[in-house]
2 protein chains.
Amino acid sequence: MKSFLSVFSIFLLFSPVLALWPRPQKLTTGSTPLRLAPHFSIQFSDKKQNVPKDLQDAVRRTAQHLKDDKLQALVVDRGASSSAEVRSAKTLSSLTLAFNDASSSSKKVKSLSEDATAGIGNQDESYSLQVSEDGTAVLTANTALGLFRGLTTFGQLWYELDGETYTLQAPISIEDSPKYPYRGLMLDTSRNYFPVPDIKRTLDAMSWVKVNHLHWHVVDSQSFPLVVPGFEELSNNGAYSSDQVYTGKDVKDIVTYAAARGIDVLVEIDTPGHTSVIAKSHPEHIACPEASPWSQFANEPPAGQLRLASPATVNFTSGLIKSMTSMFPSPLFSTGGDEINANCYEKDDQTQSDLNASGQTLDEALASFVGATHEVVRGAGKTPVVWQEIPLEHNVPVGNDTIVMVWISSQHVGAVAEKGLRLIHAASDYFYLDCGGGGWVGNNINGNSWCDPFKTWQKAYSFDPLNGTTPDQEHLVLGGQQLIWTEQTGPSNLDSIVWPRAAASAELFWSGPGGDVKSALPRLHDVAYRFIERGVRAIPLQPRWCALRPGACDIDA
Amino acid sequence: MKSFLSVFSIFLLFSPVLALWPRPQKLTTGSTPLRLAPHFSIQFSDKKQNVPKDLQDAVRRTAQHLKDDKLQALVVDRGASSSAEVRSAKTLSSLTLAFNDASSSSKKVKSLSEDATAGIGNQDESYSLQVSEDGTAVLTANTALGLFRGLTTFGQLWYELDGETYTLQAPISIEDSPKYPYRGLMLDTSRNYFPVPDIKRTLDAMSWVKVNHLHWHVVDSQSFPLVVPGFEELSNNGAYSSDQVYTGKDVKDIVTYAAARGIDVLVEIDTPGHTSVIAKSHPEHIACPEASPWSQFANEPPAGQLRLASPATVNFTSGLIKSMTSMFPSPLFSTGGDEINANCYEKDDQTQSDLNASGQTLDEALASFVGATHEVVRGAGKTPVVWQEIPLEHNVPVGNDTIVMVWISSQHVGAVAEKGLRLIHAASDYFYLDCGGGGWVGNNINGNSWCDPFKTWQKAYSFDPLNGTTPDQEHLVLGGQQLIWTEQTGPSNLDSIVWPRAAASAELFWSGPGGDVKSALPRLHDVAYRFIERGVRAIPLQPRWCALRPGACDIDA
């Protein structure tokens, strides 16, 4: 019985983990205490006029976090046993930011926001961070975006104790860059509406773990909150209320806020399915609007799909997409394409008549529809993104540039890769944050979530991005994301259903696979507790007893 | 294809549901619009000096809710089509409260708080509420508690439209009383800590759906936040931090706040298991403290159980319980008793030596332990409450007064009833709010919640309180509760994991079984949306599209 005393002693002596998330590609640490000087500042090595304003703002936010975060080390004594060390530690008086030579003062430096929306393959997020034990720190990068990522890392190096902001692990040397260019979070604002501040808070949280894409599933069959220039009737008739809309000003606010945090906003208008709400202003374009019983016409109520075979509807959709492309600076644009219900079209006289007139099958009509809408996307200088059914289920011959989101199952990754198409991991069996909350259909006593069970952070974290692809297909994998469909989510539980779980894919696709959950958990606790310090309602993943004792609540501990 | 237009039309014409939860035993409504007068007031028929202060406070809170709740009818037009009717409706200028003759002014009226803590069988929660169509309203009851329940109902009668607070369903006549005397919610404040304001907000929410017991699982193996007079060392060493405690003042604040809302606080100190944390100040009383691997010594980490066979430990526990009984006015007190781990005692030399000395088996020693602690409970004038294992698994011959909580499975109800013991439904297969959130043990990639799947509100709502009992055992069923164990819950997600789900058992045990989920859901949406109006972060159970269209998202709609 004495044997477990030694285990307990180990916990007491346990060093606080270095609370970095995602873990850097290269990290070396020492064991020297270092604390921030009372007058600590972040400065640029270059003349200030060369520093983009959005990067200056990011510096100010980082400085504020360093002051406001009161994250104590997650160990039993919360760091108290290091008190003397901390008080007598050398101080760090400043962090110096510098662009590498290639991007030096002689040429115009691109803003962080420009970098953020430059598109996959055109972003350099790499940075180098050196914190010496004698009190100097230097952050260098080729781009404003790289410096921003490094600032985020710098903000995670510190714990708080008795008013001191400290690390016990100087010197710290980090060389870092992401393994995958696409790291995302999908938010559905149609099933339930989220006010702009909720989205901004989510963007902040995303940026803290280096997630660089908000996939905004902005409209769906349930509501149409987006005010689209020239198509205002859609939100006038389709938003839940006149308050529950995103105006052009709101969108600009959101995409600007996102870009200044290194995040590109990939908007989606799901077509031709998931469009019931359009019938409220354009019944002529929608087949089977609110048809009953809904389960015969759609995967969830209300039913209703764009009349994909009707030239007038193709024209309408193209115009709508064209207008939407002008609202979003992103080089990506999603036309959706999931869960197209054949029965809805079979029962729709207009669609049957259109198909007869053209002599096309439904899938041929879909190919024409997608072809037309994608030309609009490309005409706006953007790359089309679709859900997996478009190429896989309907064999639509999409252009080689098209990016495919794999959602139904991670088993379908290989099929997309075989078509030579680039893909984003978004599989429901790993990445759906809404699973496990019970069925939401009203009168179903024993109904479970369709994608039971709940997807834990461990599940997402353990995903292998290359499973399903051959070595010569690896370049097709752009990254991945977790997704929150909001049938049972509103502002009340947005934070708590997303965080800290969505940090799992953030690390997976930044740091690369192979991280083990055992060593990740203490750092993820740091993420959750730090998020709470910063006003994001992340949940505790375990009893605090476990959070304070790394490893003690592992299955074999 | 035209057929579904008629369904849609029905939704448009749908009357707003009368947003009562739980549904009253007798309810009749008319179809006359009525609105609150601008100077609407709540008054007592009797002289004011006979009205208890806590009831006066409740009246003020109700009046404030009537002003502040901006709950629009959950129909597509949010009530707008009734605008003319509402504007021209008669006004209700006051609600008059009166005690029935039996409790009239000649005798001292008990306070709401006294009623709330009077104990099972000693409470009269019945009331009668009459709202006429000509603008008068009368609420009568035998007790302050009855008037309070009626006030709560009155506060749910109204929707808001253009600044008017109205109903379309006057006259309204209600006769109401609960089917079961115990309607509870269990909160665990040991796995993670909840500040007093979170508990108070929860008490408010409970009172809005007439839940009358907070089962406070205040301490457990992970932390000991309760400051117990004479046993301060337990919280000094066992709380997560010196801030994360409930002082005597906090407890008084909580029980007073609860009682003034018709809620009795049933505190639990779980014994002899779930007591690891006591080893931090009294290692002499705890077997297998933090033993490793924990899975051999406990159902979750950390292991540690009171040395139930040791006279010194029995004495210590009795003293601790005695002190705790003095902190809580409730006539109920739980000594816990779940998940006692035999291996922990088998490997504990002290326990083996104690058993050898007394010649008792482990279960005999447990019977002595429970007998001793229950005598302390009874000595304090209270009724002991235990988890089901005490009588079922360990055959402890508890007194006939003992109340048993059935938690492992609803299948075990009959076994408790066969012993002639009163019981409270708390079964994990219906009522556990934490199920379905994934396994929380650290390094377990495919770990699911042990009590998967998620328990939906429909599941709890569909429970039959009499399933498992014979007609002559029905009197043993006191009621039931939903429970939130907080391994994965903190202040961030307390509201959202509990509400509106916990309203399911509130209605089940107030109104009685047999309610159908189809007609309940629209009213439950009202609960959720009203809670949000009042600052409780209830979640949307469905897309708002469904909430606005009663029945439209049923499985067969």
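**Chains A and B: the interface and the fold of chain A**

Q: How much area do chain A and chain B bury between them?
A: Chain A and chain B bury about 6000 Å² between them, with 57% of it on carbon and sulfur atoms; buried area here is the accessible area (1.4 Å probe) that two parts lose on being put together, summed over both. This is a predicted model, in which local features need pLDDT of at least 70 and side-chain atom pairs count only at pLDDT 80 or more, while totals for chains, interfaces and linings use all residues. Residues are numbered from 1 along each chain as its sequence is written, chains are lettered from A in the order in which they are written, and side-chain values use heavy atoms, with hydrogens and water left out.

Q: And how many residues does each chain put into the contact?
A: Chain A gives 72 residues and chain B gives 73 residues, where contact means heavy atoms within 4.5 Å.

Q: How many salt bridges cross that interface?
A: The rule, a side-chain nitrogen of Lys or Arg within 4 Å of a carboxyl oxygen of Asp or Glu, finds zero salt bridges between chain A and chain B.

Q: Switching to chain A, what does its secondary structure come to?
A: Chain A has 20 helices and 16 strands, taken as DSSP runs (H or I, at least four residues, for helices; E, at least two, for strands) and numbered from the N terminus.

Q: What does the C-alpha trace span?
A: Along its principal axes, the C-alpha trace of chain A spans about 85 × 65 × 50 Å.

Q: How much of chain A is buried?
A: Buried residues, those under 20% relative accessible area (1.4 Å probe, protein chains only), make up 65% of the 557 residues in chain A.

Definitions and conventions
Buried < 20%, exposed > 50% of the residue type's maximum accessible area, 1.4 Å probe, protein only.
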